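Please open the structure in your viewer, with the sequence panel beside it, and follow the stops below in order.

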Amino acid sequence: MAHNQFALLTQRRFLPFFLTQALGAFNDNVYRQAIIGLLFYLGVSDAQRTLYTNLAPALFILPYFLFSATAGQIAEKLEKHTLIRITTTMEIVIMSLAAIGFLTQNMAILLVALFGTGLQSTLFGPVKYSILPSVLKPEELTGGNGLVEMGTSISILVGMIFGGLIFKLAGDQGPVVAASAIVLLAVTGNLVSRMIPRADAGEPDLKIQWNPAPESLRILRMTRRQPAVRNSILGVSWFWFVGTVLTSQLPTYAIANLGGAETLYIFALALFSVGTGVGSMLCERLSARTVEIGLVPLGAFGMSAFMVDLYFARPGAATATGLEVADFIAQTGAWRIMLDLVGIGVFAGFFVVPLFALIQNRSPKNELSRVIAGMNIQNAAFIVLAAVLGVVVQRFFHWTIPQVFLALAIANALVAIYIFTIVPEFLMRFLSWVLVRTLYRLRVSGTERIPDEGAGLIVCNHVSYMDALILSASIPRPVRFVMYYKIFNIPVMSWIFRTAKAIPIAGAKEDPEVMRRAFAEIEAALADGQLVGIFPEGALTKDGEIATFKSGVERILAKNPVPVVPMALRGMWSSMWSKRDGRLRRMRVPRRFRARVEVVADPPRDGAAVDAPALEAQVRALRGDCA
């Protein structure tokens, strides 16, 4: 039966956490918008409102710099479900203080409580993402992260709308309604959090270092150990930079460039938020339930393309003023602007969800909370940098908001190219993802059985020139494939194989030195804890049948008795690039294009207890009659 990521919303291991996170994001934004509503209700001066709009974000973000390192350690040491209940209890206390601020109309109390919400978010942040690998299977990570991002985006949007309407609709009862709403939401969040099932601590014996400065530096160093994780964190921080620039400019953009009333800003934000939610939800379907970082370049360049178009859609000032949403939609060019805002959000979802999934998948489980905490410190720095640069380029360089969007699009493309250059795995996965999804209709099952970490040997039948590419697109971890050197040297494909660190091999009679180097590389890769993939038949099948497995697999396992994962390719014999037909006929038969193929995997076997005939029999059984 086909998997549906929405099924997670019916399961206790995920639903209470999802609701707790969504309620927290909703309440934070109700609170912040209600404070703005109170300022208008009190009739404070423009100068005082400006002071608040500058001070409030700073108070909320400050705890991320001060306490993220401590929060990461606490999230590592405590059971995750317990910590979530503690943070939601904190929310009740903080929102009770905020309620007093609303009832007494005391801005100082409200700002102290706002700092408290930032502290509570700082403590919740590391456990928010580190709990997902504890409660979800590896193949569910992308879908689970997509749901969380979708829920967060929609909760923020609805919270802003609800909080902004409190004083408009309740009038003189606004302070009472605001106070009641935030406390009620906090209590509800706490009650829901008590239904989250047990999730063990990552490092229960960890000794907490309370000095934040040296610990922050140590945690930041921890995030940089693995290049892919380091640059995924850089990508997430850049996502927050882009999001901060965009959303902070939208209020003025809606008035100055779209000619809208206040409601048009909320509408523009809604388009971006809904787009982000949709993009996040589509990630699982596009990635075939793997951690598909190939979507990241697609997301990055898609964001830039729509931001460039947003500049050209309305580069100058609005020709009308005071437009409500319906009036704006009736304007010429409005649908193009709306499509651009949604498109930026959709591709932002493609960009950030796989990055979160990769960080969770590749970080050691006993360090994940601290890695997330380090990411939060860096995110906070990028958010502050985005806010400062937004002010600088407009006040001192006199850029218009469309010019800011254009500059952001160019910067986004350059940053993306930089990340993908220093870690080519991102671009390689993108190219393999595009090729495989273009040429085949791929179905994957059982790859969750592949160990998340540590050395392992993948063995599979060999049907076509595309086999390694298809397996790479199906397995969430990087795999060092051993392949015939003539396939390794195919033009264009060679770059992908080299970037993936494939290992070329030749027969002993063809080139003994290439063969010797291949076995030395295999041994070094397994000793380093990597996955190695081999095709023990030694050549492509000429008749669709599985040939006898050669003894090379036994030679590998004799020196490195690592776990062995038997896999099988189904349906590849009738696809392009197999040897079923001659080359000319193969290229002329359109029914072989977009063939249905399947990748299946069995549980790992003890490498010390298997031989070539046993593995061959298992792969034959896995493939069955689906040649």
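Select His 398 to begin, which lies in the loop between α14 and α15 (401–422); helices (H or I, at least four residues) and strands (E, at least two) are DSSP runs, numbered from the N terminus. Although His 398 is not a glycine, its phi is positive, at about 60 degrees. His 398 is exposed, with a relative accessible area of 62%, where exposed means over 50%, buried under 20%, and partly exposed in between (1.4 Å probe, protein chains only). This is a predicted model, in which local features need pLDDT of at least 70, side-chain atom pairs count only at pLDDT 80 or more, and totals for chains, interfaces and linings use all residues. Residues are numbered from 1 along each chain as its sequence is written, and side-chain values use heavy atoms, with hydrogens and water left out.

Lys 501 is a residue other than glycine with a positive phi, near 60 degrees, and at 54% relative accessibility Lys 501 counts as exposed.

Now turn to the helices, starting with Asn 376 in helix α14 (residues 368–395). Is Asn 376 buried or exposed? Asn 376 is buried, with a relative accessible area of 10%. If residues up to four places away in sequence are not counted, Asn 376 touches Tyr 64, Ser 68, Gly 125 and Pro 126, contact meaning heavy atoms within 4.5 Å.

Select Gly 299 in helix α11 (residues 295–313), a buried residue with a relative accessible area of 0%. Leaving aside neighbours within four places in sequence, Gly 299 is in contact with Phe 347, Phe 350 and Phe 351. Gly 349 is 50 residues away from Gly 299 along the chain, yet their C-alpha atoms are separated by 7.2 Å.

Follow helix α10 (residues 262–287) from end to end: its 26 residues reach 39 Å from the first C-alpha to the last, close to the 38 Å expected at 1.5 Å a residue, the expected span being 1.5 Å times one less than the number of residues. Where is the kink in α10 centred? Look at Met 281, where the kink is about 25 degrees; the bend at a residue is the angle between axes fitted to the seven residues ending there and the seven starting there.

The last stop is the sheet, an open one of seven strands in the order β1-β7-β6-β2-β5-β3-β4, with mixed pairing; two strands pair if DSSP finds at least two bridges between them. Its edge strands are β1 (440–445) and β4, each of which pairs on one side only.

Within the sheet, select β6 (residues 564–570), which is largely enclosed by the rest of the structure because six of its seven residues are buried. Strand β6 pairs with β2 (residues 456–460) in the parallel sense over four bridges, and is joined antiparallel to β7 (residues 595–601) by four bridges, with Met 567 opposite Ala 601 in β7. Strand β2 also runs parallel to β5 (residues 531–534), again with four bridges. Val 459 has Pro 566 as its bridge partner in β6 and Ile 534 as its partner in β5.

Finally, show helix α21 (residues 552–559), which lies across β2, β5 and β6 and runs at about 170 degrees to β2; axes are lines fitted to C-alpha atoms, for helices over the stretch in contact, and angles run from 0 to 180 degrees between N-to-C directions. Helix α23 (residues 612–623) lies across β2, β6 and β7, at about 40 degrees to β6.
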